[in-house]
Amino acid sequence: MAYKIPMTERFGAKVLSFSKLYETISDIKSKLNEDQLTLFRGSCFGAFLQLKNMKWAPLIVHQLLLRQIQSKDHEKKGRLVFFIGGKKAIFSIREFNLIKGLRCHSLPDISLYLQEMENSGEPRVGLQYKYFKGSCHISCQELQRNFMQCQAPEDVFNLTLVYFAESVLLGRDVKLLIDVDLLNLVDYLDMFNKYPWGTLSYKKTIQSLTNCLVGRSEKFKAKKNDYEWYNLLGFPWAFQLWVYEVIPSITKKFANCVDLNLLPRMLK
C-alpha cells in the first residue's frame with residue numbers, strides 16, 4: 001500500500017469549491033414566489049432547500065485527499081480509497097448517492113432523449129432560443145443573469161432547474177460553458193426529473209477529486225510558498241459530508257447532527 005502523495009511530500013493548501021451551493025439557493029429563494037418554491041421542492045432537487053447552513057471545510061477536504069492511496073483497480077471503477085486511522089475507506093457512487101439522494105443509474109444520451117421527444121410531437125418551450133438567441137455557447141454567468149432577469153412565470157421555474165444543476169451539482173466555473181442539452185431537456189420536465197443527476201454529478205466530482213492533487217507537491221516545492229491552492233468541480237460538498245460520517249471525531253468538533261433519521265443523509 002502506498003499513498004498517492006508520500007507523507008514526506010504533503011503540503012498545505014487552500015481549496016475552493018466551484019459548487020455555489022448557498023449562493024444558488026439564496027438566488028432561488030429570492031427569485032421564486034411561494035408557488036414556484038413549492039414546485040421546486042417537489043422536483044428532483046427539492047431536498048436541497050432543506051439543507052442547514054453548512055460551512056465549506058477546505059482543510060478537512062484537503063487533509064483527507066492527502067491520505068488517498070494508490071489503487072488502479074478502484075480508480076478504473078470510479079472509486080477513491082483512503083487510509084484513515086489504520087483502516088481503508090472507499091468513496092464511491094454508492095456513498096455519494098446515500099449523501100445526496102439523487103438518481104444514480106447509467107447515463108443516457110440526452111440527444112437521443114430529445115430526439116425521441118421531438119419525434120413524438122411533444123411541444124418545446126425553446127429556452128435556448130427565447131433567452132440565448134439560439135446560441136450553443138452559453139456561460140454559467142449568462143445563465144445566472146438570464147435566470148435573475150427572467151420575468152416570465154412559465155419560464156423562470158425551468159431556468160431555475162438548469163441553473164441549479166449547472167451551478168451546484170456540476171460546479172462549473174462561472175466563465176465556462178453550460179451543457180446546452182440540459183437547457184433543452186428541461187422543456188420536458190418529467191424526463192428532466194427522471195434524469196440520473198446523481199450519476200452526472202458524481203462523474204464530474206470524482207474526476208476532480210482524482211486529478212486535483214496531480215503535480216501539486218512538485219509545484220509546492222518549486223514555489224516554496226506556505227501553501228498550494230486548487231479548485232474542485234462537481235459537488236465536493238458530498239465528499240466533505242462523507243468525511244463526517246467516516247471520521248466521527250471530526251464530526252464532533254466541526255458539525256452538529258440535526259436528526260439521524262433524515263433522508264437523504266446530507267440533511268442530517
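# A chat about Lys 194 and the rest of the chain

Q: Is Lys 194 buried, exposed or partly exposed?
A: Lys 194 is partly exposed, since its relative accessible area is 40%. Here buried means under 20% relative accessible area and exposed means over 50%, with partly exposed in between, using a 1.4 Å probe and protein chains only.

Q: What kind of model is this, and how are the residues numbered?
A: It is a predicted model, in which local features need pLDDT of at least 70 and side-chain atom pairs count only at pLDDT 80 or more, while totals for chains, interfaces and linings use all residues. Residues are numbered from 1 along each chain as its sequence is written, and side-chain values use heavy atoms, with hydrogens and water left out.

Q: Back to Lys 194, then: which side chain does it meet in a salt bridge?
A: The partner is Asp 190, at 3.2 Å from N to O; a salt bridge here is a side-chain nitrogen of Lys or Arg within 4 Å of a carboxyl oxygen of Asp or Glu. Both residues belong to helix H11 (residues 189-194), where they are 4 residues apart, about one turn of the helix. Helices (H or I, at least four residues) and strands (E, at least two) are DSSP runs numbered from the N terminus.

Q: Why would side chains like that pair at all?
A: Side chains of opposite charge can pair when their charged atoms come close.

Q: How many salt bridges does the count come to?
A: The count comes to 7 salt bridges. Among them is the one between Arg 94 and Glu 95, at 3.5 Å from N to O, where Arg 94 is exposed with a relative accessible area of 55%, whereas Glu 95 counts as buried at 16%.

Q: And what about Glu 245 and Arg 265, how do their side chains meet?
A: They also form a salt bridge, at 2.4 Å from N to O. This pair links distant parts of the chain, 20 residues apart, with Glu 245 in helix H14 (residues 237-246) and Arg 265 in the segment after helix H15 (248-254). Glu 245 counts as partly exposed at 28% relative accessibility, and Arg 265 is partly exposed too, with a relative accessible area of 30%. Salt bridges that share partners join Glu 245, Arg 265 and Lys 268 into one network.

Q: Changing topic, how many disulfides does a search of the whole structure find?
A: The search finds 0 disulfides, a disulfide being a pair of cysteine sulfur atoms within 2.5 Å. For Cys 140, which is in no disulfide, the nearest cysteine sulfur is that of Cys 136, 15 Å away.

Q: Where is Ser 139 found?
A: Ser 139 sits in the loop between helix H7 (127-132) and helix H8 (140-149), and it is buried, with a relative accessible area of 10%. Not counting residues up to four places away in sequence, Ser 139 touches Val 174, Lys 175, Leu 176, Leu 177 and Ile 178, where contact means heavy atoms within 4.5 Å.

Q: And where is Arg 103 found?
A: Arg 103 is in the loop between helix H5 (93-100) and helix H6 (110-119), and it is partly exposed, with a relative accessible area of 42%.

Q: Last one, what is the secondary structure of the chain?
A: It comes to 15 helices and 4 strands. The C-alpha trace spans about 60 × 40 × 35 Å along its principal axes, and buried residues make up 48% of the 268 residues. The radius of gyration is 20 Å, which agrees with the value near 18 Å that a compact globule of 268 residues would have; the radius is taken over C-alpha atoms, and the globule rule is 2.2 Å times the number of residues to the power 0.38.
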